[in-house]
Structure formats: structure tokens, C-alpha cells
Amino acid sequence: MKYKIEKNTVQETLILPLYSRKLCTELYPNLYQDETAVRLLDQIDYDFSQAEENSRSLMQRFGALEVAMRQNDLAFEVQAYLKTHPCAAVVNLGCGLDNTGRACDNGSCKIYNLDFPDVIALRQQLLPAGEREQNVPCDLKDPAWFDRIDATGGAVFFASGVFYYFLTEQVRELVQGMADAFPGGVLVFDAANRTAVKMIAKTWLRTAKIKDVGAYFAVSDAKSELSPWDSRLQVSSRGYMMGYNDLKDPSVSGFFRFLAKIGDNGMKMQIVKIGFGDRQ
């Protein structure tokens with residue numbers, strides 16, 4: 001039986017990132033694999049004709065490469081943390097139907113997938129929680145969810161395409177609250193500069209009816225801009241298109257590598273890593 005997704009619903013917003021991850025898997029098989037996305041799309045009853053038509057465009061294919069690199073980079077950082085904290089909490093902030101937590105499972109970590117209640121309700125049907133895993137309904141801006149996380153073995157939090165929807169002040173309050181609640185933990189997420197966020201706003205944020213794009217979270221130099229938020233923060237960043245992978249795979253054209261350099265250097269598309277240390 002297929003699960004039907006209606007047009008113009010909150011659930012529909014989860015389908016397009018899922019489709020992008022499936023497209024990545026098909027276009028760049030040496031760089032990225034998301035078997036969960038491929039499987040889930042087979043289980044969903046939805047009109048994909050527009051997405052399939054869009055997928056033939058050059059920019060849509062480059063967008064899929066962006067998705068692939070971002071997910072790979074975040075997974076790399078999660079797995080790096082698990083090497084020194086094997087029993088840590090792995091927390092997917094704004095998870096949607098993403099399965100990165102389970103893909104990083106080392107057999108002893110605890111996995112938490114956090115999102116709004118209606119998203120988690122759909123996730124429970126399509127991706128029910130497995131062993132050592134919880135799907136947690138919450139509003140990320142409300143710190144009540146901190147109490148749901150068992151961070152006794154450490155905690156690594158990651159957010160993919162999430163903070164573009166937050167005001168800068170909301171990200172700062174969340175980061176400061178996490179520094180209080182999870183000393184020794186790490187938060188990794190993707191970010192970009194103001195120019196890139198304005199471009200994003202024309203597409204992703206339009207559906208959210210956002211007017212004042214300038215108030216939304218954007219970063220050019222993560223270390224200098226975010227470190228002053230709190231003395232406990234250890235901030236670093238790497239370009240997310242080519243900071244972890246040189247993209248010299250045959251599936252990636254020279255033109256796409258050129259665009260990737262513009263993304264990392266011109267748009268400051270980056271993976272930001274924040275360690276929560278003790279107050280100095």
C-alpha cells in the first residue's frame with residue numbers, strides 16, 4: 001500500500017528534499033548513496049511529474065550535487081565525533097524524512113530525530129524508530145526538547161537546511177541554550193552568506209511568506225561572527241561543496257566544479273562546527 005501525499009500540504013514540503021536525495025543517488029553514485037530516499041519514494045503516492053521535469057535542468061542537477069555534498073559533510077562530522085564518543089546521542093535537528101542518523105549508526109550510539117509534530121507523525125508511518133532511536137515531536141525553538149536527549153555519552157547535533165528559516169537571534173539563543181545543556185557536545189550545520197540566503201529566500205522561503213529576509217540567519221566568517229556569542233563556543237567552518245571532497249569524480253563536470261568554487265568562496269556555503277566547551 002502506498003502512502004498518499006496531497007499537494008500544497010506540509011507533508012509535500014518533505015517530498016522535494018527526499019526527491020533531491022534520490023536524484024543525487026542516481027546522478028552521483030560514487031559520491032552519494034541514500035537507499036532510504038529511493039525506497040521511500042517507491043512507497044509514496046505523489047505526482048512527481050513536475051519534479052522529474054525539473055530534474056532535467058542544469059541548475060536542478062547542480063542543486064542535487066549541493067544536497068549530496070551537504071549530507072556527506074554532516075555525516076562525516078557526526079562519524080568523526082562518534083570515534084571519540086561511541087555512545088553519544090546523535091541528534092538530527094529538523095529531520096524531515098532524512099535518515100542520516102541511522103546511516104551513521106555505529107551500533108552503540110543513541111539516535112534522535114526531531115521535527116514538528118505533523119512531520120514526526122508522517123515519519124512514524126514511513127520511518128518508524130528503530131533500536132536505540134527516537135522520533136521526537138517538538139519545536140526546535142522551545143528548549144523543552146533538551147530534556148529528551150540522553151547526552152551522558154556526549155552529543156552531536158546536526159541540522160541540514162534548517163537555520164535559513166531562523167532569525168539570527170533565534171539561532172543565537174538556541175546555541176547558547178545548547179551550550180548550557182550539553183557541555184562537551186558539538187553542533188554542525190550548513191550556512192551561507194547574506195547574498196546566498198536572499199537567493200534561497202526566492203525559492204524555499206517564499207512558501208513561508210517571509211518578508212524581512214535580512215533578519216534571517218546568514219554567515220560569512222563563522223569564527224569571527226559566532227564566537228562572540230558565548231565564550232564557551234569553539235567555532236570552525238569548511239566550504240561544504242569542496243571543503244571535504246575535491247569533486248574530481250567523473251560524474252561531476254568541470255562546469256559544476258567551477259560553480260562549486262563560487263558556492264564555497266563567493267556565497268560562503270559552509271559547514272559550521274560549534275563545540276560546546278566550558279566557560280573561559
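Select Glu-26 and Lys-22 to begin: their side chains meet in a salt bridge, 2.9 Å from N to O. The term denotes a side-chain nitrogen of Lys or Arg within 4 Å of a carboxyl oxygen of Asp or Glu. The two residues are about one helical turn apart because they lie four residues from each other in helix H1 (residues 12–27). Helices (H or I, at least four residues) and strands (E, at least two) are DSSP runs, numbered from the N terminus.

The model is predicted: local features need pLDDT of at least 70 and side-chain atom pairs pLDDT 80 or more, whereas totals for chains, interfaces and linings use all residues. Residues are numbered from 1 along each chain as its sequence is written, and side-chain values use heavy atoms, without hydrogens and water.

Next, select strand E7 (residues 186–191), where six of six residues are buried. Buried means under 20% relative accessible area, exposed over 50%, and partly exposed in between (1.4 Å probe, protein chains only). Val-186, Val-188 and Asp-190 point one way, and Leu-187, Phe-189 and Ala-191 the other. In a regular strand the side chains alternate between the two faces of the sheet.

Strand E6 (residues 155–159) runs parallel to E7 and is joined to E7 by four bridges; strands pair if DSSP finds at least two bridges between them. Strand E9 (residues 270–276) is antiparallel to E7, with six bridges.

Finally, select Arg-70 and Asp-190, whose closest N and O atoms are 3.2 Å apart in a salt bridge. Arg-70 belongs to helix H4 (residues 58–84) and Asp-190 to strand E7, so the pair ties together parts 120 residues apart in sequence.
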